[in-house]
Amino acid sequence: MKSLHILNLFSVLVIFVSPCVAAADKAEKSIDSKPPSVFATIGKEAISWQDLNVAYNQAAQKKFYHGSPADHVIAALQREVADKLVADTLVLNEANRRKIKPDTDVVNQELESIEKRRAGDAQWLEARGRVLPVLTRQIENETKVKKLTAQVRNVTPPTSVQVRAYYTNHPEKFTAPVEQRVSIILLTVDPSSGNEVWEQAAADASVLLERIRKGESFAEMAKLYSKDAETVDQGGDMGYLHAGMLADTSQKAVDAIQVGEITKPVRLLQGVALFQLTSRNPALLSSFESVADRAKDLWLADASDKAWESFMDNLRKKTPMNIDESKFLPLAKTEVRPSSSAENAPSSN
């Protein structure tokens, strides 16, 4: 588990922290050059600005690589990282309160892996004596958090009555969507072409439409005139499609016709198309017997999530917290930030 990011393996080993991407530089500049040492206090624990900056840098490198996102995007990530550090600290505090022991096997494996990766690294060898005890403690903390998380999420399996009730109350989870079998004739047009070319393609499609309506085969017309490489050999047959597989314009055109009918010419990005609806299967609710195992798994997942959310809510309510976001970049004006642990918790001044 990396919920604490081996926290700060790199905040301790500052010598191994590479300079951050532009996004991280900008975020760091939004915090004073000499920021307060403590970003947040969670009960008796403190999160330093250094911890926050290092965690942000790691997240920014993964999310933005070498990009330069807008300030409001950086601001959102600052708060996301901060909320995660606060949550991790809450859980670790509770694990310590419950006297949960670290998983020594995992700790030893992690340390052995780090030793192998750093073997021969002069900087690591120089810092190892100072760093190893702190590093060990960080990995131990991760294993304690993982143990507590597993305990909280380990809910009692549902009864058969509960599984059936879940199935009954969530039919959308067990209903196969509407499927439509569609065929296409595509007359391609270069997107940069002028109106005359587009109009001619539409006219050509209208001629084909009339020929089909007078009895000629859609499939044969597709083989002769369609430029859609994926379907031309199948007479334009695209197979069964469900909502979201066609572009909005195409989907609306197909939804408006009945089985056996053909759309009027539809302008697409790549040209002008005719669609034929060859069959339509309505949405179908699967029988309980066929999805009972899946319903049980979904019940367990939902119950686990609810148990975790309740656990975290209780931790936030009972833990005094003081969190300083005054140095963050501002969020976008239209952005509404969801409630965070910082905003819901009582303040400790």
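Trainee: How far apart are the end C-alpha atoms of helix 8?
Mentor: They are 27 Å apart, which agrees with the 27 Å that its 19 residues, 195-213, should span at 1.5 Å a residue. The expected span is 1.5 Å times one less than the number of residues. Helices here are DSSP runs of H or I with at least four residues, strands are runs of E with at least two, and both are numbered from the N terminus.

Trainee: What sort of model is this?
Mentor: A predicted one: local features need pLDDT of at least 70, side-chain atom pairs count only at pLDDT 80 or more, and totals for chains, interfaces and linings use all residues. Residues are numbered from 1 along each chain as its sequence is written, and side-chain values use heavy atoms, with hydrogens and water left out.

Trainee: Which residues of helix 8 are buried?
Mentor: Trp 198, Ala 201, Ala 205, Leu 208, Leu 209 and Ile 212. Buried means under 20% relative accessible area, exposed means over 50%, and partly exposed is in between, with a 1.4 Å probe and protein chains only.

Trainee: Where do they sit around the axis of helix 8?
Mentor: They fall within an arc of 105°, so they line one face of the helix. The arc is taken from the directions from the helix axis to the C-beta atoms. The face turned away from the buried side carries the exposed residues Asn 195, Glu 196 and Glu 199.

Trainee: And what covers the buried residues of helix 8?
Mentor: The cover includes strand 4 (179-188), helix 9 (218-225), strand 6 (266-268) and strand 7 (271-281).

Trainee: Now helix 5. Which of its residues are buried?
Mentor: Val 107, Glu 110, Leu 111 and Ile 114. They cover an arc of only 95° around the axis, which puts them on the same side of helix 5. Asp 105, Gln 109 and Lys 116 are exposed on the other side.

Trainee: What do the buried residues of helix 5 pack against?
Mentor: Helix 6 (122-153).

Trainee: Last one. How many helices and strands does the chain have?
Mentor: Twelve helices and nine strands. Buried residues make up 40% of the 349 residues in the chain.

Notes:
Contact means heavy atoms within 4.5 Å.
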